[in-house]
Amino acid sequence: MEKLICVCGHENPAGTKLCGKCGRPLTEEAKESKIVDMKYDGAAIRSKTRNKSIVDKVWNFFSSVKVGIALIIINLVAASIGTIFPQEFYISVSTEAEKAAYYEDTYGSIGKLYYELGLSDVYNAWWFQILVGMLAISIIVASIDRGIPLHRSLKNQRVKRHESFMKRQRVVAEGPVANGDPAQTLNMIEEKMKSLKYKVRRDGNALLAERGRFSRYGPYINHCGLIIFLAAVMLRLVPGFYVDESMWVREGEVRAVPGMEGYFIENEAFILELHDNEKTENQELQGVNAVAKNFQTNAKLYKQAEDAVPGQTDNLELVKEYSIRVNHPLQYEGYSFYQMDFRMNELSVMNFQLTNKETGEALGPVSIDLTNPQDEYIINEQAKVELLGYYPDFSGFENGEPQTLTPTPNNPAFIFKMTTPEHPDGEVSFVAIQQTIEPNGDNEYKMAFQGVETRNMSGLTVHKDSSIPLLAVGGAIFMIGVAIGSYWNHRRLWVEQLEDGTIRLAAHTNKNWFGMKKDLDAVSEYAKLPKYLDQSEEIEEKEGDSAL
Amino acid sequence: MSLIDLSGNFLFIAFIAYLVGTLLFGGAIKNTKPDGAAKRADNWGKLAIIVTVVGFLAHLAYFITRWIYTGHAPVSNMFEFTTAFGMFIIGAFILIYYMYRISALGLIALPVAILIIGYAAMFPSEADPLVPSLQSYWLTIHVITAAMGQSILAISAVAGLLYLLKAVDPKSKTKSRFWMEAVLYFCFLVVGFILATVIFKGMGYEANFSYVNAQGKELEITYNMPAVFGMNDYTLLTDGKMEPLVEMPPVINAKKLTTVFWSFVIGSVVYLLVRLISRKRILEMLHPLVQKVNLNLLDEVGYRSVLIGFPVFTLGALVFAMIWAQEAWGRYWGWDPKEVWALITWLFYAAYLHLRLSKGWEGKKSAWLALIGFAIILFNLIVVNLVIAGLHSYA
Amino acid sequence: MDKKKKRSITRGVVLIVLLAAIVYTVYTSATKEKVEVLQVGDKAPDFELVDLYEGDLKHRLSDYEGKGIFLNFWGTWCKPCKKEMPAMSNQYAIYKDQGVEVLAVNIAQSEFEVKRFIESLDVHFPVAIDQTKSVMTAYNVDLLPATILINPEGNVEKIITGEMSEQQIASYMESIKPEQE
């Protein structure tokens, strides 16, 4: 079963359906069918030729289109499962316990099951990645398996095909030329087909007109593109290829950029603008009062000196100044900074007035910069305020000591010692928002709250993705391949003039029979060819009849 | 007349033109008796396509005037996108019509577009201001290309439906007959949705409720239809309105469920009325209309529209989407539900092409696949936007 | 025959390469987070921070080569940090002469808060403020307290997150003290 020798003497590899030379059907199936199977032009698909070792068996498994389609469908279903409930990366909790609780609280027991089965992070699941990987293998193996034989058979096309091949094409015609000189018929066909942009080859009394052969390579080109694309996606996992970090920077702060060693970013200002439109019906439905118009961080990117190490902040060199907005990231040397989040109005300065409680007389203002509180604030020669303690996020007392929950000034509290002309030794007061404690009895003076200044905080993400160029190449090749395969088609017309001058012709196209028939109509009329027959319609009509 | 009113009028003209076009296409395929009526049918067909093109131009005028008025491509909310989708379906139909000259396609394509525009009209038609992430020329490029791709793919479903209307025998009890009737029943449900919205809006029905969401926050909601399903822990705030019959857990948006309920009820009533009056299945009523069509050619039209639409869809819904996502969020792919469903649509049509190429799934099987493909597209448009929360849920 | 064998080998190679790619993908994405973080045995990233009290004194890691470094990250709001500080101070007094250095790095708080806090606890070891969080970033610290033990060769000996007892602190300092002493 190694080789199939055709009647014409041509040796074909096992698995071949149509003789590579003359086109005679070689298998029983092909002999019986009325219209031959023209995919791969009847060439032997490599996997069909042998089936022995393990390697071959695995190879055959992946080369099967049936398996490929099954993999497409399985991937499709797996992907859809991930959209039932929001994925973990879209919910704003971090620990495993919180996530479990979130799914159970929000979606009940189904949510719990969803989380426990790992479906809440489906796209990072090992089995999902394996499914995608198997699809990739299938694409590669099937392309190699079919692409090479197809290429060979397209390259080695004979002009003259056997009668049994011609008669089993979908569109056929046989008969005498209607009128005119039969000797000229082939010339006329050649002339007409050339004007229709076909390439025409002649071999004695046979003719082959062919157009758009390159479109047959479309699928293989797009598969190549897909493989490059998937390889690029994989490349992201190689250390250093991909950086994805996020950071918060308050206005006025300079912060080291995570994932971008030696660089610092300064937030000069965060700007939030709102649309000033009247509330639309959609806003009403969604309960949105105002629609944001712009999120913007005015940022400065600094670079450390070449030999500097973390912690050194002198000699920073400004390398880029940019207004980061949504859709307009700051880009520098492959890194991009995206505007992702913000928090408005964090306290930054608190203003007080040292005031006599009874008379209301103010000795002078004290302004405390919460980012850099001072030991003392001198008002004049006789009056000053010492800061004994500062608790940015006051949460209560523990053993008589004020506690802070976080370093963020959400609920600032202070211990002041107020020195005034009346009290040169000072009066101590604990001051928090809506709370004052005077540990040594009633004070004469108080720190009267005057107002605050605030600042905003910007959430940025830092990205570097060195796989993008390769990804773009893969995507472009894919698109080119798909376009070639979809928008062009491979049309062929075989003609043979028999001894008695009658014409036998057969036509094939891989898609768009409508277009093929238009060309046939044109050439038939020009060269007065016998009327052609679409055998598939004949079959359909018969089947249609029997069904009724 | 302000630009936005003018724009609305153009849309109305388009809508009317499509209605008239449908009737004319009906005339074009009905007059098939061999007494020289073929020529008359041809004239009807010519008139039908002219009316359709006029409607399309009016639709395009709506699109352009609205674009000028809002300052951005009118594809940024549910109304705008769905209306544009209807326009592109008509555009794709005209394209295919001039390639293959099949009048019968219009008989399906136009009603589909009418239903889609009708569906769109149920959403607030006001122009919404753009949030920062949408302020990009990629909004125009990505959405329009994706919608064009989907529309061309939709034509394959139109051809598929037409194919099945002829190929499925309404007289013999088969699975195909059942599912065809189900597809047609679905069209009635869309009509039901439109009727429900219009009727209750016409009555000026409004009932306010307060409820508690999954996070334990108390919120308010306004129902525009009698509340069959109540939100979690609801309290009726408007006097004299119907109390909900069933209370729903916080995961389920009972207001949307109520809308679905009424659409079902009204759609089913209309369907049953039609069945009762005609004493026929819908399939049986439509079957004789399409006897003239050539199945082989329809099969090719269906395949061809997938071939034309698939690259356009890939470019718009995946490639451009990735470029924009990379620019806006720094990641070209984020597994957002809409993204995933675009990928699913793409994978599905890839499977369609492979099945057709290698397994020889042509004719009926292919037609069914085309219908399923369109169902996925509709799912992505309706369910993913309205039910599944994500970056794209702008309505 | 030869041709057949060759083809089998080519196929085998293609399949193995593809399989390896998948295994690599699944493996790296499963262990991704662990790879990026600083690990035991790595060279400790060099840094330089200004001392809290002496503006001229700069603590540069590379200057301490030959000594064991007990690098502690903390904040005033972090209660476990506060609890372990007196113990650190005690043990530092013992191990200081044996070649162990302590550096307590505060995460970007104000000088006022840090000074008040250190003074109220009456602890004695070098303290510095990481104003730009760059040392914190370099050491991948995200939970406090975090302690990095750096051996005299300048490599990371151990990473401890969470509170340490005095006994543990003693044994950690023991583990990084230079040998000849």
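Author: The following account begins with two helices of chain B and then turns to their surroundings. The model is a predicted one.

The part in question consists of helix α9 (residues 295–329) and helix α10 (residues 337–358), both of chain B. Their axes lie 10 Å apart, and the two helices pack at an angle of about 150 degrees. Because an angle over 145 degrees counts as roughly antiparallel, α9(B) and α10(B) are described as roughly antiparallel to each other. The crossing of α9(B) over α10(B) is left-handed. On the side of α9(B), the contact is formed by Tyr303(B), Val306(B), Phe310(B), Phe313(B), Thr314(B), Ala317(B), Leu318(B) and Ala321(B). On the side of α10(B), the residues concerned are Glu339(B), Ala342(B), Trp346(B), Tyr349(B), Tyr352(B), Leu353(B) and Arg356(B). By class, the residues of this contact are twelve nonpolar, one polar and two charged.

Helix α10(B) also packs against a helix of another chain. The axes of α10(B) and helix α4 (residues 65–81) of chain A come within 9 Å and cross at roughly 165 degrees. That angle makes α4(A) roughly antiparallel to α10(B). Here, too, the crossing is a left-handed one, with α4(A) passing α10(B). From α4(A), the residues that meet α10(B) include Val65(A), Gly68(A), Ile69(A), Ile72(A) and Ile73(A). Among their counterparts in α10(B) are Val340(B), Leu343(B), Ile344(B), Leu347(B) and Phe348(B). The contact of α4(A) with α10(B) comprises 14 nonpolar and five polar residues, with no charged residues.

In total, 49 residues of chain B are in contact with 49 residues of chain A. Both α9 and α10 of chain B supply at least two residues each to the side of chain B that touches chain A. The most is given by α9(B), with 16 residues. That side of chain B has 34 nonpolar, nine polar and six charged residues.

Chain A in turn touches chain C. There, 38 residues of chain A are in contact with 34 residues of chain C. The elements of chain A that each supply at least two residues to this side are α3 (54–63), α6 (126–155), β7 (254–256) and β15 (384–391). The largest share, six residues, comes from α6(A). In terms of class, the side of chain A that touches chain C has 21 nonpolar, 13 polar and four charged residues.

Chain A further contains an open sheet of six strands, with antiparallel pairing, in the order β4-β5-β22-β23-β3-β24. At its edges stand β4 (199–203) and β24 (533–534) of chain A, each with a single partner strand, so one side of each has no neighbour in the sheet. The pairing of β4(A) with strand β5 (residues 206–211) of chain A is antiparallel and extends over five bridges. Within that pairing, Lys199(A) has Glu210(A) of β5(A) as its bridge partner. Helix α12 (residues 513–527) of chain A packs on the sheet and touches β3 (171–175), β22 (491–497) and β23 (503–509) of chain A. The direction of α12 makes about 150 degrees with that of β23(A).

Definitions and conventions: Residues numbered from 1 in each chain as written. Chains lettered and ligands numbered in written order. Predicted model: local features only at pLDDT ≥ 70, side-chain atom pairs only at ≥ 80, totals over all residues. Contact = placed C-beta atoms within 7 Å. Helix = DSSP H or I, 4+ residues; strand = E, 2+ residues; numbered from the N terminus. Nonpolar A, V, L, I, M, F, W, Y, C, P; charged D, E, K, R; others polar. Axes fitted to C-alpha atoms, helices over the stretch in contact; angles between N-to-C directions. Parallel < 35°, antiparallel > 145°, perpendicular 65-115°, else oblique. Left-handed = near helix turned anticlockwise from the far one by under 90°. Pairing = 2+ DSSP bridges.
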